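Subject: The structure we talked about

Hi,

Here's the structure I promised to pass on. Have it open in your viewer while you read the rest.

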Amino acid sequence: MNAILATEPEAGVLSLCLNRPEKRNAFDRELYAALIEALERADRDAEVRVLLLSATGDCFSAGNDIVDFLAEPAQGRRTDPPLALLRAMRSCRKPIIAQVDGKAVGIGATLLLHCDLVYASDRAALVFPFVALGLSPEGGSTQLLPQLAGHIKAFEWLVLGEPCRAEAAAQAGLVNAVVPAHRLDETCLNAAKRLAALDPEAVQRSRAQLQRASGLELDTLMQAEMDQFEQLLEREAAQQALQAFVRR
Ligand code: COA
């Protein structure tokens, strides 16, 4: 089974769908690699003007695969794949629209902070469960969330692990619009078509400019967050919490 379902680009819109529904689209190494490759391919393909990222099933993504977090990686660090994915999303020249139905957990939520437009169904929620797992937030979220929502809401979501429901996410500016689940496809496709109808050079240069505004500082922060995450992963507290999920 393909980890990513990709359509042929239609009117400049390429649809990429996370396709591991039996594990609630948890990112294992294969899914990370497939999405990074699809992003890089789309970046090179002149026919692609806009990327639309969605997921199979009723959970957008359950975050990093917990079994992978427990296993010793064959090479590199356990946090290399999520960091590589976020960097690939940031460096991609084409805008990325996220279509979020159901829960977006862990890296599944963090990656939304690096999309250009995010539409959510009314049953969507962003969940950052890191601290309850003995871990810490990642992907620039320690800066991006307080900037958008202020310290106390960011703390509630990132440290207390309270779900950030679709409406609250829209109020905070994490999500562009919340629509009933049956209207989500149509809403995202309309936005993608509007974006694809614009001059691609102007869109790509504008995106790059927006990325540069936060650029180096955010990249340094993302590295520091992952270094800390990696240290916490080695601790007994995290190992026990992750084991508890696998054994439940
Ligand atoms: N890593 C690995 N496997 C996962 C997973 C993850 N992050 N999340 C879910 N799965 C697997 C489950 O083990 C289960 O596998 P099984 O059918 O072989 O037993 C399957 O996906 C379905 O999970 P389940 O919990 O039954 O689905 P649900 O719809 O009731 O709940 C979630 C979905 C996402 C709310 C729940 O699975 C969850 O909380 N997952 C953990 C999320 C998490 O903490 N991620 C952060 C990692 S840093």
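This is a predicted model: local features need pLDDT of at least 70, side-chain atom pairs count only at pLDDT 80 or more; totals for chains, interfaces and linings use all residues.

**α1 and α3**

Start with helix α1 (residues 29-44) and helix α3 (residues 80-91), which pack at an angle of about 15° with their axes 10 Å apart. An angle under 35 degrees counts as roughly parallel, so that's what we call α1 and α3. The crossing of α1 past α3 is left-handed. On the α1 side, the contact uses R29, Y32, L35, I36, L39 and D43, while α3 brings in P81, P82, A84, L85, A88, M89 and S91. Sort the residues of this α1 and α3 contact by class and you get 10 nonpolar, 1 polar and 2 charged.

**α3 and α9**

Next, look at α3 together with helix α9 (residues 200-233): their axes come within 10 Å and cross at roughly 170°. Anything over 145 degrees counts as roughly antiparallel, so α3 and α9 get that label. The class count for the contact of α3 with α9 is 7 nonpolar, 4 polar and 4 charged.

**α5 and α6**

How do helix α5 (residues 141-149) and helix α6 (residues 151-158) cross? Their axes come within 7 Å, at an angle of roughly 135°, which makes α5 oblique to α6. The crossing of α5 past α6 is right-handed. Here S141, T142, L145, P146 and A149 of α5 meet H151, K153, A154, W157 and L158 of α6. Among the residues of that α5 and α6 contact, 6 are nonpolar, 3 polar and 1 charged.

**The ligand**

Last stop: which residues come nearest to the ligand? There are 16 residues around the ligand, and the nearest are K23, R24, A62, I66 and R248. You can check a few distances in the viewer yourself. K23 has a polar side-chain atom 2.6 Å from an oxygen atom of the ligand. For E22, a polar backbone atom is 3.5 Å from a ligand oxygen atom. N64 also uses its backbone: an N or O atom there lies 3.0 Å from a nitrogen atom of the ligand.

Cheers

Methods
Residues are numbered from 1 along each chain as its sequence is written. Side-chain values use heavy atoms; hydrogens and water are left out. Axes are lines fitted to C-alpha atoms, for helices over the stretch in contact, and angles run from 0 to 180 degrees between N-to-C directions. Helices (H or I, at least four residues) and strands (E, at least two) are DSSP runs, numbered from the N terminus. Angles under 35 degrees count as roughly parallel, over 145 as roughly antiparallel, 65 to 115 as roughly perpendicular and the rest as oblique. A crossing is left-handed if the near helix is turned anticlockwise from the far one by less than a right angle, and right-handed if clockwise. Contact means heavy atoms within 4.5 Å. Ala, Val, Leu, Ile, Met, Phe, Trp, Tyr, Cys and Pro count as nonpolar, Asp, Glu, Lys and Arg as charged, and the others, Gly among them, as polar. A residue is near a molecule or strand if one of its heavy atoms lies within 4 Å of it. A polar contact is a pair of N or O atoms within 3.5 Å; within protein, one must be able to donate a hydrogen and the other to accept it, and residues adjacent in sequence count only if both atoms are side-chain atoms.
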